[in-house]
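Hello,

Here is the structure I promised you. Please open it beside this email and follow along.

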Amino acid sequence: MQVTVVGSGPNGLSTAVICARAGLKVQVVEAQPTFGGGARTAPDFEYPDVLHDVCAAVHPLALASPFFAEFDLPARGVTLAVPEIAYANPLPGRPAAIAYRDLLRTCSELDRGASWRRLLGPLVADSGAVVAFLLGDKRSVPASILPVMRLGSRVLAQGTPAWRSLVGEDARALFTGVAAHAISPLPSLASAGAGLMLATLAHTVGWPIPLGGSQAIVDALVADLRAHGGELTAGLDITEPPSGVVVFDTAPTALLRIYGETIPHRYASALRRYRFGSGVAKVDFVLSDEIPWSDPRLAQAPTLHLGGTRAQMARAEADVAAGRHAQWPMVLAAVPHLADRGRIDPGGRRPFWTYAHVPSGSALDATEVVTAVVERFAPGFRDIVVAARSVPAARMAEHNANYVGGDITVGANSVWRSIAGPTPRLNPWRTPIPKVYLCSAATPPGAGVHGMSGYYAARTLLRREFGITEMPKLAP
């Protein structure tokens, strides 16, 4: 029997790799002309030696994920460059807040560094248990309860109005910027959970950038799949139910279009009620020189959160959640050439990756908005911009059909969704449609380039459809 995987993001490919290694015939079908979903890299159409990451650019989860740890990306020729600075948060009228990989150095440069150490020190000391829980299936009993209790108390402290327990305006901004990756109102339990995981990883494995772009991760997965007999087809949109076992690395609502009236009524109703979150507007810049940051330390920061203070970021996320464009939106940015000098072309041009948080379905061209935000902290930025490539939230689905309205989390930006999945089910990777499974970011553990949603989907279908209870080895 064949296993068909619809969608070639990291989760779809992890499912495919596992099934192929288990000895099954595997076919991956991708609607886009290239493979990789949220982990693709593409050349600039005017300056082809400048490579833009189509979605994700920085990958702490690629080092922390149990799937990728066993898959062993470095052994497959993928170099994950880990910079000294994980991320930085420029601040108006004062020095930036910077998260170094070294926790103690981070604390030494913050006004109230002891508060940052109290928040993250215990999680960093037991980071394996923290990651195992947050990237777990949310159904297994944790091996150790104490680290989970520590994590839970901090999620409550930073995900509710009690978040003032973190003191120091620079420390508060530093955490809020990383929590804003969840694209949800601030504070919220979802943003606190995301922020604590990413901040913990910053002080353990770091925030790496793959040499050559995110596509390097995808290429390693594709090579392994092909080496084990898997086949891939690009440029093919699935409109009718494939035969055999099918796994969808798609938004769950795609099942309505493909399976129509054959979907059980209650499940179809639940899918129709599925809601996507706020969106992002993407702007890829081509620059002629280094960004002229007012704080010179930022010249070594490959990842930046450009939302200002905690109060400014919270106000902006509240506006976006209410369907309004923020006057100063949350902007995430990456400068990949700081870790990968190969991203600079022979003419000295280099990519600058940015997202701005916007209401779902926004048609805003965010080029000027993002430019103005960067100019606040780097006067003269406009003078080094060679070109800008804008993709409004309303058009993000043209590049990845999962990103409905520009929601790159595929509707998974809530604690409930990260636990229950797209609909309340004991096993969220299995659907009530016979032989049909889900493995996208809409299923636990949620968004991110970690492959774990695909791992859990593969584990489920191997057991149920083929009676395979032992997961295949993933090492090269």
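Lys435 sits in the loop between H16 and S16 (helices, H or I, have at least four residues and strands, E, at least two; both are DSSP runs numbered from the N terminus). Its phi is near 65 degrees, a positive value in a residue other than glycine. Lys435 is partly exposed, at 34% relative accessible area (buried is under 20%, exposed over 50%, partly exposed in between, with a 1.4 Å probe and protein chains only).

This is a predicted model: local features need pLDDT of at least 70, side-chain atom pairs count only at pLDDT 80 or more, and totals for chains, interfaces and linings use all residues. Residues are numbered from 1 along each chain as its sequence is written, and side-chain values use heavy atoms, without hydrogens and water.

Val410 also has a positive phi, about 55 degrees, and is not a glycine. Look for Val410 in the loop between helix H15 (396-399) and helix H16 (415-420). Val410 counts as buried because its relative accessibility is 3%.

Most residues other than glycine have a negative phi, and most peptide bonds are trans. Which peptide bonds are cis here? One runs from Leu186 to Pro187, with omega near -5 degrees. Pro187 is in the loop between H8 and helix H9 (189-202). Another joins Pro444 and Pro445, with omega about 10 degrees. Pro445 is in the loop between strand S16 (436-438) and helix H17 (452-466).

Finally, helix H8 (residues 169-179) is mostly covered. Of its 11 residues, 10 are buried, including Arg172 and Phe175.

Best wishes
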